[in-house]
Amino acid sequence: MKAWLSHLSLDLTVSPSSPEELARAELSSALPETVFRLDNDPSLGEGYRIQKKADGSFTISGGKTGILYGAYAMIRSALSGRGLPESLFSVPKYGLRMINCWDNMDGTVERGYSGRSLFFEGDRFQYNPLRMMELGRLMASVGLNVLCINNVNVHNPAQLLLEDFLPEAKRLADLFRPFGVRLMFSVDFSQPMRHGIPTADPLSPLVQDWWKKTAQEVYRAIPDLVGFLVKADSEGRPGPFTYGRNHADGANMLADAVRPFGGKIIWRCFVYNCRQDWRDVQTDRPKAAWEHYAFLDGEFADNVILQVKHGPFDFQVREPLSPLLLGMKQTNLAMELQLAQEYTGHQIDLYTMIPMWKEIFEELPADNIMSVAAVSNLGRDDNYTGHPLAAVNFYTFGLMAWDPETHAESAVSEWIRLTYGFRSEDEKALLKVLLGSRRTYEKYTAPLGIGWMITPHDHYGPNPSGYEYDLWGTYHKANREAVGIDRTEKGTGYLLQYPEELQKKYGDPATCPDLYLLFYHRLPYSFVMKDGRTLIQRIYDDHFEGYEETKAMAEVIRSLPFPEPDREIILSRMDRQLYNAKEWCDIINTFFRRLSGADDARGRTIYD
Ligand code: GCV
């Protein structure tokens, strides 16, 4: 990540005062030979237009931040060897392009794999202003414009973010502003109760007044704050359900409080029963979000955005698109992705996300999806992302949030060029490894869409039955004959939450794509797949292949001329990935062999 920035020679100790000034300074330090005219055209908003003139100079037109995005587009293009575009017009597809940090004020980061918090330590703000500007620049360089600095699980004393810490928060917002990055805060729904109000009931005038007064103070300090991010009634967080109210009651009350200031409420839909009894076969966790929200379609205020995780579970390696993203047509929606590799290798295993995002964005039809968010993978480590190659996910998320049509291969090669400047064969070799890394990880972990065979709580490494008798609603129910959950109308009925054509496609194992088979169906090990293999053989084959591919990947990685300190970090993490892939492969295969009694048709070693 830093490596990409190191191509830009602008000295950030002289802090820019506006996006336009920053654009001018970046262009003249990165491309000193070229003449640029910056033309303020507010009608273009965040978009930009680039035009080459007959005299060889370029005009970049755009609104306040549009000019800045245009400047970075030029710089990325020139430094990655594509040359300067002679004519280009670009506008972002999504209005809010957000990074959600899960940072706690004690300095820890929930699901953070890159060191401690960039913003907090010892229950207070503690940050390096230069790094903040570097982060602002990283975000702006790929078009990201919103930063939520604190965890959606709001722990003490971050509840106070709204009050005691306001002067500090204001200073931080001031640092990010020239980069076109606006802040957002996560808030605790029960916050009024820490201020002598006896309830957090959204219909109580006392509560409503408290939020209005608080919003006023916050917006006085930070007039361009995006608004509040809320996790309510989820995994133990307080919310409207305590008072017999629904989530429209809760979100709309907060929306009223921030409306006078142009603020928004980003309300997360990650709501499910996290105290399920594994014996209960009626409840099916993926159904939960739809059951809580679909009937409220059209009931949310116009400054509320429902933020929906891309899949119905929780950032597993493979999940179908959440039905809420397809079905809530009268509601503003944001889709939430996760850069932090919580279930996908902890920034130890290579896992490049853009191929997965391409699949997700291709299925997103609705125009009511106005924003995208990603859970941050950043931390205080020197390289920001722990694993230097995990930075490709941050970079390409920005490009995709701006333009979901972004070509995966070009985006990843651009990042490699800007970061390492390898000669062409090395670039190609790394590109292949990065683009294939998600599929490889998928092969050696839980099979065919079933998810959750990971070590509980920590979420790294295999434990096929770790979540099987737990409270979280994440079961595979493997026995001697079969594995998977029937989510068709004959089973839990989850599939009925989708439009009819998808019900048809996924409802029949013969047409359901293989990689989703065990998400939607309960099938015997002897089930014959489209290519003629039995289900059990496919599970064995995928796992052996996943490990073999990891070995091949390691060979390539070892041969590449990464500079230090990246090289040492990359190689040591690659060794840990190899170990992890072998553990997964052997444990999953042994687990299924012990249950099914089936031998591998190719006679490879599966342990007794
Ligand atoms: C911030 C999962 C994670 C939690 C996270 C939660 C969420 O359950 O394991 O750490 O909490 O998702 O998205 O709210």
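A residue counts as buried when its relative accessible area is under 20%, as exposed when that area is over 50%, and as partly exposed in between, with a 1.4 Å probe and protein chains only. By that rule Leu27 is buried, because its relative accessible area is 2%. The structure is a predicted model, in which local features need pLDDT of at least 70 and side-chain atom pairs count only at pLDDT 80 or more, while totals for chains, interfaces and linings use all residues. Residues are numbered from 1 along each chain as its sequence is written, and side-chain values use heavy atoms, with hydrogens and water left out.

Helices (H or I, at least four residues) and strands (E, at least two) are DSSP runs, numbered from the N terminus. Leu27 is part of helix α2 (residues 19-30). The C-alpha atoms of Leu27 and Ile75 are 7.1 Å apart in space, although 48 residues separate the two in sequence. A second case involves Tyr498, in the loop between β15 (482-483) and α14 (500-507). Tyr498 and Leu321 are 177 residues apart along the chain, and 9.7 Å separates their C-alpha atoms. Tyr498 counts as buried because its relative accessible area is 5%.

**Salt bridges**

Side chains of opposite charge can pair when their charged atoms come close. A salt bridge here is a side-chain nitrogen of Lys or Arg within 4 Å of a carboxyl oxygen of Asp or Glu. The whole structure holds 43 salt bridges. The table lists some of them.

| Salt bridge | N to O distance |
|---|---|
| Arg268 and Glu336 | 2.7 Å |
| Arg417 and Glu427 | 2.9 Å |
| Arg593 and Asp608 | 2.7 Å |

The salt bridge between Arg417 and Glu427 joins helix α12 (residues 408-420), which holds Arg417, to helix α13, which holds Glu427, across 10 residues. Arg417 counts as partly exposed because its relative accessibility is 32%, whereas Glu427, at 10%, counts as buried.

For the salt bridge of Arg593 with Asp608, Arg593 lies in helix α17 (residues 566-596) and Asp608 in the segment after α17, so the pair ties together parts 15 residues apart in sequence. Asp608 has 71% relative accessibility and therefore counts as exposed. Shared partners also join salt bridges of Arg318, Glu359, Arg438, Arg439 and Glu442 into one network.

**Aromatic pairs**

Rings of Phe, Tyr and Trp (its six-membered ring) pair if their centres lie within 6.5 Å; planes under 30 degrees apart count as stacked, over 60 as edge-to-face and the rest as tilted. By this rule there are 33 aromatic pairs. One of them is the edge-to-face pair of Phe120 and Phe125, 5.0 Å centre to centre with 65 degrees between the planes. Phe120 is buried at 0% relative accessible area, and Phe125 is buried at 5% relative accessibility.

Tyr441 and Tyr444 also form an edge-to-face pair, with 5.3 Å centre to centre and 65 degrees between the planes. These tyrosines are three residues apart in helix α13 (residues 424-444), so about one helical turn separates Tyr441 from Tyr444. Both Tyr441 and Tyr444 are buried.

Ring pairs also link a cluster whose members include Phe313, Tyr343, Trp452 and Tyr498. Trp452 is in the loop between α13 and β15 and is buried, with a relative accessible area of 5%.

**Backbone details**

Trp452 has a phi near 65 degrees, a positive value in a residue other than glycine. His346 is another non-glycine residue with a positive phi, near 50 degrees. His346 sits in the loop between β13 and α10 and counts as buried at 8% relative accessibility. The peptide bond from Glu564 to Pro565 is cis, with omega near 5 degrees. Pro565 belongs to the loop between α16 (535-559) and α17.
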